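Dear colleague,

I am handing over the structure that follows, together with notes on what was found in it. Please read the notes with the structure open beside them.

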Amino acid sequence: MSNDNTRKGEILVEVRNLVKYFPVRAGLLQRVVNHVKAVDDVSFFVRKGETLGLVGESGCGKTTVGRTMLRLIEPTSGSVMFNGQNVFSMKPGGLKPIRREMQIIFQDPYASLDPRVPIGESIMEGLHIHKVGTPKERYEIMRETMKRVGLEDYHARRYPHEFSGGQRQRIGIARALALRPSFIICDEPVSALDVSIQSQVLNILKDLQQEFGLTYLFIAHNLSVVEHVSDRVAVMYLGKMVELTTREELFRNPLHPYTKALMSAIPIPNPRMKRQRIILKGDVPSPLNPPKGCRFHPRCPAAVEKCSQEEPQFKELAPEHWVACWVAEGNL
């Protein structure tokens, strides 16, 4: 998938056939009786300096993809290539330098901070672990990083419960930025914040990207936010990648019926204009027992007989536009 696209920019991270199944245990002996197919054969790449948005409904596997890429969760199979190195094949000693280059901003800023530790110490924790500089140099890095995200020096002595949600998210950004990584996974970093605070945090992320040449995987379920920050957008459904293309192409010409349904739910900031909604019937199937064929076919308004029998391949149907859909493939 990446070989044809290096002309557009150097690839920093490439995910190949990523699979993550969680075992389901039952009975007195806790035997494995089934698997939750959280991520099932997902492939994509992220170019240096770009933001790839990853969107989909809750439970589609977005966060699992991000955490598995960093090996916060161990994968079932597949590979993640970072700067030409396979993250999944590394031993703990070799993984430590890579962890410095790959950081994450968690969705819940309060749960990801230790309530017993002042936030200055939390921001410096990674610097201690990776033995960056002297204690004085670490303190200066912490102060400078806090300043870049809009926090003051005196905040370093305060504890997480003394901050608002927006401030805590800034702390999470500062902690991820302190080690000066090249790749950051933003796991729904603004979903728990007020709209006015969301824009502040998004602007901070964009400014830092320009200043440090950062590369982002931006996980979200809000397409309006994704449109604002992303260069390319990938859409997931029930553990599978269904569409991936540039931001402009996705919002101009979505090809997958699921993407079209997501687009129809975006509010229009004009009370006189109405968008024709595509209402999906039924609930999302269980990842314990996903449907045969295309996983979206039980809810798809455009499904044909082939959709229920054979799984579509993730193909490049137009330049820079990958889709896994028999209907879209037949229409082109």
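Lysine 62 lies in helix α1, which covers residues 62–69; helices here are DSSP runs of H or I with at least four residues, strands are runs of E with at least two, and both are numbered from the N terminus. The model is a predicted one, in which local features need pLDDT of at least 70 and side-chain atom pairs count only at pLDDT 80 or more, while totals for chains, interfaces and linings use all residues. Residues are numbered from 1 along each chain as its sequence is written, and side-chain values use heavy atoms, with hydrogens and water left out.

Lysine 62 has a relative accessible area of 4% and is therefore buried (buried means under 20% relative accessible area, exposed over 50%, and partly exposed in between, with a 1.4 Å probe and protein chains only). A polar atom of the lysine 62 side chain lies 3.2 Å from the backbone oxygen of glutamate 57; a polar contact is a pair of N or O atoms within 3.5 Å, where within protein one must be able to donate a hydrogen and the other to accept it, and where residues adjacent in sequence count only if both atoms are side-chain atoms. Apart from neighbours within four places in sequence, lysine 62 is in contact with residues including Leu54, Val55, Glu188 and Met236, contact being heavy atoms within 4.5 Å.

One of those contacts, glutamate 188, sits in the loop between β7 (183–187) and α6 (195–212). Most residues other than glycine have a negative phi, yet glutamate 188, which is not a glycine, has a positive phi of about 45°. Glutamate 188 is buried, with a relative accessible area of 7%. Aspartate 41, in strand β2, also has a positive phi, of about 65°, without being a glycine, but aspartate 41 is partly exposed at a relative accessible area of 39%.

Arginine 71 is in the loop between α1 and β4 (77–82) and counts as buried at 14% relative accessibility. The side chains of arginine 71 and glutamate 74 are joined by a polar contact of 3.2 Å. Although arginine 71 and valine 87 are 16 residues apart along the chain, their C-alpha atoms are separated by 7.9 Å. Not counting residues up to four places away in sequence, arginine 71 touches Val87, Phe88, Ser89, Met90, Leu95 and Arg99.

A further buried arginine is arginine 232, with a relative accessible area of 2%, which lies in strand β9. A polar atom of its side chain lies 2.6 Å from the backbone oxygen of phenylalanine 45.

Turning to the aromatic residues, there are four aromatic pairs in the structure; rings of Phe, Tyr and Trp (its six-membered ring) pair if their centres lie within 6.5 Å, and planes under 30 degrees apart count as stacked, over 60 as edge-to-face and the rest as tilted. The rings of phenylalanine 45 and tryptophan 322 have centres 6.3 Å apart and planes at 85°, so this pair is edge-to-face. The pair links distant parts of the chain, with phenylalanine 45 in strand β2 (residues 31–47) and tryptophan 322, 277 residues away, in strand β12 (residues 321–323). Both phenylalanine 45 and tryptophan 322 are buried. Elsewhere, Tyr237, Tyr258 and Phe296 are linked into a cluster by ring pairs.

Tyr258 is also among the buried residues of helix α9. Helix α9 (residues 257–264) is mostly covered, with six of its eight residues buried, and these buried residues pack against α7 (223–229), β9 (232–237), β10 (240–246) and α8 (247–252).

On a 1 Å grid over the protein atoms alone, a cavity is a set of points where a 1.4 Å probe fits but cannot get out, and a pocket is an open set with protein on both sides within 12 Å along at least five of seven lines, while lining residues have an atom within 4 Å of a point. Grid points are joined across faces, edges and corners, and a volume is the space filled by probe spheres set on the points. The largest pocket holds about 510 Å³ of space. Of its 24 lining residues, the closest to its centre are Arg99, Gln103, Gly126, Ile129 and Leu179. The largest share of this lining, six residues, comes from α3. The whole structure has three cavities of 30 Å³ or more, and the largest cavity has a volume of about 50 Å³. Phe296 and Trp326 are among the residues that line the largest cavity.

With best wishes
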